[in-house]
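Here's a quick tour for anyone meeting this structure for the first time. Take a look at the picture, then read on.

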Amino acid sequence: MKNPNIAKVLKAYRKLNHYSVEDLVLKLENHNLSVAPKTIYGWEGGQAQPDADTLLILCKIYHIENILGTFGYNTPADELFLSEEE
């Protein structure tokens with residue numbers, strides 16, 4: 001299931017860091033990821049989402065330390081585990 005916060009956060013943090021889409025393409029290339037500008041626009045527009053490894057690299061580029069909280073995954077600790085019924 002897609003998380004709609006991912007698109008909003010990725011676009012906001014790119015702008016917060018004063019990166020153009022082309023800047024981000026170059027930064028991703030430095031991490032051995034070849035990504036087209038169209039792909040970044042797709043992530044930021046919510047049409048697609050980066051895979052988990054790419055998302056972690058984007059967090060590193062954007063200096064996002066609280067990854068779960070930043071993307072809206074603030075689940076209370078008691079909800080993290082399955083009950084016996086589940």
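In helix 2, the buried residues include Val-21, Leu-24, Val-25 and Leu-28. Look down the axis of helix 2 and its buried residues fall within an arc of 105 degrees, so they line one face of the helix. What sits over them? The cover for the buried residues of helix 2 includes helix 1, helix 3 and helix 4. Keep in mind that this is a predicted model.

Let's take one of those partners, helix 3. Helix 2 spans residues 21-29 and helix 3 spans residues 37-45, and the two pack at an angle of about 110 degrees with their axes 9 Å apart. Angles of 65 to 115 degrees count as roughly perpendicular, and helix 2 and helix 3 are therefore roughly perpendicular to each other. On the helix 2 side, the contact is made by Val-21, Leu-24, Val-25 and Leu-28, while helix 3 brings in Pro-37, Ile-40, Tyr-41 and Trp-43. Sort the residues in this contact of helix 2 with helix 3 by class and you get 8 nonpolar, no polar and no charged ones.

Skipping its neighbours within four places in sequence, Ile-40 is in contact with Val-21, Leu-24, Val-25, Leu-28 and Val-35.

Now for the middle of things. Which members of the largest nonpolar core touch the most other members? Of its 19 residues, they are Leu-10, Leu-28, Ile-40, Tyr-62 and Phe-71. Helix 1 (4-16), helix 2, helix 3 and helix 4 (52-62) are the elements that give two or more residues to this core. Helix 4 gives the most, with 6 residues.

Two more residues are worth a look, and here they are side by side.

Along the sequence, Asn-5 and Tyr-73 are 68 residues apart, yet in space they are 9.6 Å apart, C-alpha to C-alpha.

Terms used. Residues are numbered from 1 along each chain as its sequence is written. This is a predicted model: local features need pLDDT of at least 70, side-chain atom pairs count only at pLDDT 80 or more; totals for chains, interfaces and linings use all residues. Side-chain values use heavy atoms; hydrogens and water are left out. Axes are lines fitted to C-alpha atoms, for helices over the stretch in contact, and angles run from 0 to 180 degrees between N-to-C directions. Helices (H or I, at least four residues) and strands (E, at least two) are DSSP runs, numbered from the N terminus. Angles under 35 degrees count as roughly parallel, over 145 as roughly antiparallel, 65 to 115 as roughly perpendicular and the rest as oblique. Contact means heavy atoms within 4.5 Å. Ala, Val, Leu, Ile, Met, Phe, Trp, Tyr, Cys and Pro count as nonpolar, Asp, Glu, Lys and Arg as charged, and the others, Gly among them, as polar. A nonpolar core is a set of buried Ala, Val, Leu, Ile, Met, Phe, Trp, Tyr and Cys residues joined through side-chain atoms within 4.5 Å. Buried means under 20% relative accessible area, exposed over 50%, partly exposed in between (1.4 Å probe, protein chains only). The arc is that of the directions from the helix axis to the C-beta atoms.
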